Amino acid sequence: MFLINCPYCGVRDQSEFVSGGEAHIARPKQPTELNDDQWAEYLFMRKNIKGIQFERWNHVHGCRKWFNVARDTSNDKIEKIYKMGEQPPKI
Amino acid sequence: MSKNLRINNKQFVDETRKLSFVFNGKKLHGYKGDTLASALLSNGIHLVGRSFKYHRPRGIMTSGSEEPNAILQIGNDDALTEPNVRATEIELYDGLVCNSQNCWPSVKFDIGGINNFLSPLLPAGFYYKTFMWPANFWEKYEYFIRKSAGLGKSPTKQDPDMYDHRYIHCDILIVGGGVSGLIAAKIASDDNKKVLLLEDKELLGGSLIYDDSDISKIDDQKSSEWLKKLIDNIKKDQNITIKTRTSLAAYHNYNFLLARQNLTDHLSVSDRNNKIRQRLYKIRAKKVIISTGAIERPQVFHNNDRPGIMLASAVKKYIDYYGVRCGLENVIFTNNDSAYETALSLYKSGTKLNAIVDIRDNSSSEIVNQVKSLGIQIYWNHTIVDTKGYKRINKVTIMKLNDKGNDVIGKKIELNCDCLAISGGWTPMVHLFTQSGGKLRFDNKDNIFVPDKTNLDQLSIGSAKGDFELDEVLKNSIKDTKKFLQIENSNFDKINVKCSKEKEKKNIWLLPSDKPLSNTKPFLDYQNDSTAKDIKLALREGFKSIEHVKRYTTTGMGTDQGKLANMHALGIVADTTNTNMGDLGTTTFRPPYTPLTFGTIVGRNVGQFFDTFRKTPMHEWHVDKSAKFENVGQWKRAWYYPKDTETMHDAVQRESKAARESSGILDASTLGKIDIQGTDANEFLNRVYTNAWSKLQIGKCRYGLMLNEDGMVYDDGVTTKLGENHYLMTTTTGGAANVISKLEDYLQTEWPELDVFLTSVTDHYATACVCGPNAKKIINKIFKDLNLSDESFPHMSFKEVKLGNINCRIMRISFTGELSYEINVEASYGKYIWEKCIEAGKEFNITPYGTETMHLLRAEKGFIIVGQDTDGTMTPVDLQMDWIISKKKYDFIGKRSLYRSDTIREDRKQLVGLLTDDPNEILEEGAQIVKDENKKPVNMLGHVTSSYFSPTLKKSIALAVLKEGKQLKGQKLLVPMINKTIKVTVSDTVFLDKENERING
C-alpha cells in the first residue's frame, strides 16, 4: 500500500488513488491522418519495464486531479511526482 | 493431572486458578497461564494428532507458532468451531473443548494409519502421477481426493463474533517484545519517539524472561531479573504503546503493516459476550524494527517424528515457564550449545536426563563444562539412527559418526526415554523482512539466512538478524538501534553482559543411518509428511528450482508454512546438487505470517455493511409497496412490485401491460446526471459523443452514444441543453462514476484548453418517469398551466416549471416507446412529486414498475442497455446504430477505431432480434446460438443478451449478438439447452411499433 504525495493535497494512502497507466502518450491531434499501425501504436502499445516507469495517477477520492508519477517498478518506490503537462524528469 | 509432571512454578502459571477442559471427550485440568499444549503435557498427553498423508501418530513438538503437529479443532459449536488451532498458542480457558483432526475413529486408533504401511507406494507426486489416467476418470478420482483433502472441519454456520479494524500511526513500530525489542523501544522512547510495541504472547520478555541460568548476567544481575526491571520501566513509559497477544500478519511496502490482536480467545466462553473477538490494526510506521527472534530447528534422522520428540527449547520452556515436565526420562540430541540450557533446566527441576547425544566432537564452552561437571553422560560424535515407540517414543538407537559425517560406524547403543529433546540450531525469523521486499544473505558460519538489503526504513535486531548469544544480542541491538535512529548516546551504552560462548559448530542437514535412505523416514515437514527421500526423488525427476521442489513434495505447504521444515529442505537440495545455499535462495515468504480468520480480515464490513448502498428519495415508498429490489452498481433499485401472491413473471406482465395500455411510473432517480457548463461545453459534447451537437437548441434533448477510444460502446444517455453554455448529461446508472472520471481525464490531460466544468448532480435530483397513453392527462392534472401540446412540448424537449415553490425540470423523452415525461426535482422533494403523480394517476390505474419491466418495455422497442446487450466488444455499427455516427465531425472519441481493419470486418458479432418458433418458449439470457449442433466441435455463433415474454405481443422476444447477424435475418438457428434444443428465427431488433407512433400517445 503506497503513500502518494498528491501535488495538490499532500501525502495520502494509495486507496484514495487510481492508476491510469503509462504517462506521456498524447492523443494524436489528427487521428484520421494515421494508418492502422500508427493508430494501434497509440491505442494499444504500452511499456512494461523493470525500473523507472512514468505513469498517470488520479486522486479520485480526493481532489480528483490527474498527475504524473515516476515509479520504480522493481520496488514500487516513487522517485518523483510532477503535474500534468510537465516533462518527465531525468532519473 | 499427573502430579509428577507438574513442578512448582508460581511465576507465570497461577496454580490457585484451576481450569477444566475437554480433549477428545475426556475432562482434564490445567491452570490459568497454561497454553492448551502445556496443559495437555501436564496430563501426560503427547499424542494429539495424525499426520496428513500417512496418518502417523504425532505429538506436541514446539511451544510456539511454528507448531506443525498439535493443530486441533477447538469448540464443537457449528458456528464457533475453529479448525487448525495451534495448541501451543491458545491460552487455556475454563470450558475449552478440543478434538484431534485427521483421524477416524480416534487419534489412538486411526484407520488411515494403514497409509503408513502403504507409504512406499505414496511417494512425492503420487497424486500427479496416478490420477492422470484415464483422463475421463478425473471426475471420479476428484470426489475421493477432495474427501481426503484438508484438515479439520469448517464452521457451517455464520460467525457470530464481532471483529474490528483500527488504523494506527507511529514513529517506530517494534515487532517482538523480547529483550532486543524492549531495549530498542526504550532507546526510541528516550529519544522522544512515539513507539508501538507488538508482542504475540500475553507477556513481554521473550525467552530471556524465564531464563534461570546463572551463567548469563546483565550488569551483574541474573538476566531475567534485569529484564523484569526494564519491562516495569517500559510499562510506565508514556511514549510506548504496548499491544500484547498481537501478532504481525503482513508487512507491506511503504511500512504499511497488518497486525491481529486477540481480545477474547483466552477468556472463558461466558466472559466473551458482546466483546470484540479480534482486532486488525492497519499500521503506518515511519520506521520499523523487527525483533521477532529465532526458532529452533529440529534434526533430520530416521523416525524423527514420534510423539515425545520435541524441540529442546520447547522442553525448556515447558519446565521453566509452565512448570511442566514433558517426560520423566529424557534424552537430548543436539548439534549446538543451546540444548545444554535445556539440560540444566531438566537438572534443576530434578527431572531425569539419561544422556545427551551431540554430533560434534566436543565443546568446551562454559555451559557445556557446567553440564559435564554434573556427571551427565554425553555421547560426542554420535547420531541417532532410529527411534522406537508407536504412540510415544520409548527408545533411541545411536551410533558413532564417521569422520566425514556421512555414515555411521561402530556398534549400536540403545537409550531409554519418553521424551527426546532435539536441537539443530536456530533459524532467524526473517519472514517479515522478506515479506517487505528485503533480500536475504546466507551466513555460512551459522547456516542461516539473515536480512541483507532493503528499500524500506527498517531494521532487524536480535536473533531475527542472526545474533544468538546474549552479549551480541544486546550490544548489537543497542548499537544498531542508535545508528538507525541517529542517536549519539543511550542509557544502555555501559551495559555489561556475561554469557557462555559457543566455539564448536557442526551441521549435517540429513543425518546418516545404518539403513539405506530408501528404508528410512527422516521427516522434514511433519504436517505434510514429506521426507528427505521425497526431496531427493524430486531432484532425480528433474525439479531444480526450490519453488518447484516445494510444490512437488508439498514441503512447507502446511498451516505452519514450513517454519520448521524449510531450512533442512534447502540444505538437502544444496548438498545433493552441490550448490551453495546462498545461490539456491529460499522459497517466497508470503503473508499472513500465521493464519488469519476471515472474520478478522473483513472486520465490520459484513451483512448490510459489506458495501455502501444508495437509496433514492422514494425508496421508503417502494419498501411500503413490498417492492423487490435489485442492486445496480451501489444503488438499490425497485425491481418489481409483486401484489399478493404474484410471481416475478406475473408482476412484470401486469406492470408492462399497464404501462402500454394506460400508464406506468418508474423511479429513474438513479440515472447518472452530470451538469456541464462553460463556453466550450458544446464543443466538448461534440468530442465525447458520436453524433453532432452543434445545432441542438436550448430546451431540446438529444440521445448520445459514447465510445471508448477503441471504438467500443461505453455509455449512452440523453443530454438536455438547459442554456447557452449549460447542459445536463444523463448516463447509465452503473456507468455514472466511470463516465465523469473519463470526461474529467480528457479535460485535464488532453483538452486542458477547453472551458468546461463538470459537476456530478446524480444525488441532487430525484426523477419520476410517467409513461403510457394517459401520461399527458396525468401530467396535465399536476401542472395545470403547462401547455402539453405536441407543438409546444414535443418529444425530445424540455420545460422548466414551478409546482408551488418546487422547481421542476420536465423532459419529454422515452425509453419505453410510450409517450413519457421525466420529472426532475430537488432530491428532497422526490417522494412528494412521486406521490403527487400516483395520486393524479389513480383514475388511470397508474402502475409503478421496476427495472425488470423497464427492460422488457425497451427490449420490445429494440433499445439497447449498455452492459447487457454490449460487453465492451460492440461498436455502434455492430449494434446496427450507424445512424448515430456523425459523418461530418472531424473527430470524436473512438472515431478512428471505427475503421480499423478489425472493426470493419463484416463477420463481427452484430445485434439482432430472435423469435422462438414456439411463442411461449422464453430463451435464457447467455444461451449460445448455433447453426448445426451435430458437427463437433460445435461452432458457436453468438449468444442471447436480453430475453422476455412480451404481454403486448403475446410472444417471446429476445435480443442477441450473432456472427454476421445483419446477413442472417430470417434464418433459422438453434439454441441448445441442457435437455432440449430451441428453434429460433433471426429477426429485426424492433418488435413493437416500428413506426414510432406510440411516442405521441
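A crossing of two helices is left-handed if the near helix is turned anticlockwise from the far one by less than a right angle, and right-handed if clockwise. In this predicted model, local features require pLDDT of at least 70 and side-chain atom pairs count only at pLDDT 80 or more, whereas totals for chains, interfaces and linings use all residues. Residues are numbered from 1 along each chain as its sequence is written, and chains are lettered from A and ligands numbered from 1 in the order in which they are written.

Helices (H or I, at least four residues) and strands (E, at least two) are DSSP runs, numbered from the N terminus. Helix α12(B), residues 532–540, passes helix α13(B) in a right-handed crossing. The two helices pack at an angle of about 120°, with their axes 10 Å apart; axes are lines fitted to C-alpha atoms, for helices over the stretch in contact, and angles run from 0 to 180 degrees between N-to-C directions. The pair is therefore oblique, the class left after under 35 degrees (roughly parallel), over 145 (roughly antiparallel) and 65 to 115 (roughly perpendicular). D534(B), I535(B), A538(B) and L539(B) of α12(B) meet V549(B), Y552(B) and T553(B) of α13(B), where contact requires C-beta atoms, placed from the backbone, to lie within 7 Å.

Strand β40(B), residues 765–771, is largely enclosed by the rest of the structure, because seven of its seven residues are buried (20 or more other C-beta atoms within 10 Å of a residue's own, with C-beta atoms placed from the backbone). Y765(B), T767(B), C769(B) and C771(B) point one way from β40(B), and A766(B), A768(B) and V770(B) point the other way. In a regular strand the side chains alternate between the two faces of the sheet. A768(B) stands opposite D667(B) on β34(B) and opposite I823(B) in β43(B).

Strands pair if DSSP finds at least two bridges between them. Some pairings are tabulated below.

| Strands | Sense | Bridges |
|---|---|---|
| β34(B) and β40(B) | antiparallel | four |
| β40(B) and β43(B) | antiparallel | seven |
| β36(B) and β37(B) | antiparallel | seven |

An open antiparallel sheet of five strands in chain B has the order β36-β37-β38-β35-β39. Strands β36 and β39 of chain B stand at the edges with a single partner strand each, so one side of each is left without a neighbour in the sheet. The twist averages 30° from one strand to the next. Helix α19(B) lies across β35, β36, β37 and β38 of chain B, at about 135° to β35(B), while helix α20(B) lies across β35, β37, β38 and β39 of chain B, at about 165° to β39(B).

Technical notes. A residue is buried if 20 or more other C-beta atoms lie within 10 Å of its own, exposed if 12 or fewer, and partly exposed in between; C-beta atoms are placed from the backbone. Two residues are in contact if their C-beta atoms, placed from the backbone, lie within 7 Å.
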